[in-house]
Amino acid sequence: MDRVEQDGPDPKELIRLAKAGDQEAFGKLYELYYTPVYRYIYLRTKSKSSAEDLTQTVFLKVYNSLAQMKVMSVSPLAYFFTVARNTIIDHWRKEGHGMVYSDELLMSEETDLPDTSERAETREARELIESALGILTEDQQEVIKLKFLSDLSNKDISVMLDKSEEAIRQLQSRALKLLRGYFKRESIE
């Protein structure tokens with residue numbers, strides 16, 4: 001189970017209650033998942049206003065689909081991320097762009113850092129990570145980001161990406177091997 005779901009009410013129970021018409025349960029889902037969904041979208045859009053709008057769209061889509069939702073064997077967060085991913089794809093299509101995946105890792109906002117040396121180190125780390133992720137295929141990048149940034153299980157990622165768990169494990173393994181080689185070649189430890 002991912003970190004978001006360990007600290008509080010059971011999300012599957014909240015989904016069940018929301019399906020039965022309990023608006024307070026959906027409100028709790030909103031509180032529980034707003035930040036991870038927003039961050040997921042922001043990392044892909046690079047726009048606070050787009051991320052806010054698209055996050056609201058995701059919650060609206062999930063709310064409107066509650067009646068059709070079946071009991072999930074995967075975490076509800078994976079379902080929210082799937083809806084978010086499809087919403088982003090729709091957004092880019094409407095904008096006339098292809099899918100954009102030049103993710104910037106949000107370790108912390110540079111403006112929140114107290115001095116310029118920490119800001120420079122954070123910027124350098126971000127550039128290094130972006131450069132390293134650039135050697136991966138789009139599928140490998142997506143799996144690594146979902147696994148390590150969004151803290152999803154391989155099972156949840158497989159549902160999101162419509163691939164088998166074995167395919168997810170292989171993508172992750174190959175990506176990590178490429179990243180280890182990259183960091184070794186660049187003498188980064």
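This is a predicted model: local features need pLDDT of at least 70, side-chain atom pairs count only at pLDDT 80 or more; totals for chains, interfaces and linings use all residues.

Tutor: Residues are numbered from 1 along each chain as its sequence is written, and side-chain values use heavy atoms, with hydrogens and water left out.

Student: How many helices and strands are there in the protein?

Tutor: The protein has nine helices and zero strands; these are DSSP runs, helices (H or I) of at least four residues and strands (E) of at least two, numbered from the N terminus.

Student: How are two packed helices described?

Tutor: One gives the angle between their axes and the distance between the axes. Here, helix H2 (residues 11–19) packs against helix H3 (residues 23–45) at an angle of about 140°, and their axes are 8 Å apart. Axes are lines fitted to C-alpha atoms, for helices over the stretch in contact, and angles run from 0 to 180 degrees between N-to-C directions. H2 and H3 are therefore oblique to each other (under 35 degrees is roughly parallel, over 145 roughly antiparallel, 65 to 115 roughly perpendicular, and the rest oblique).

Student: Which residues of H2 and H3 make the contact?

Tutor: Pro11, Leu14, Ile15, Leu17 and Ala18 of H2 meet Ala25, Phe26, Lys28, Leu29, Leu32 and Tyr33 of H3, where contact means heavy atoms within 4.5 Å.

Student: What percentage of the residues of the protein count as buried?

Tutor: Of its 189 residues, 41% count as buried, that is, under 20% relative accessible area with a 1.4 Å probe, protein chains only.

Definitions and conventions:
Buried means under 20% relative accessible area, exposed over 50%, partly exposed in between (1.4 Å probe, protein chains only).
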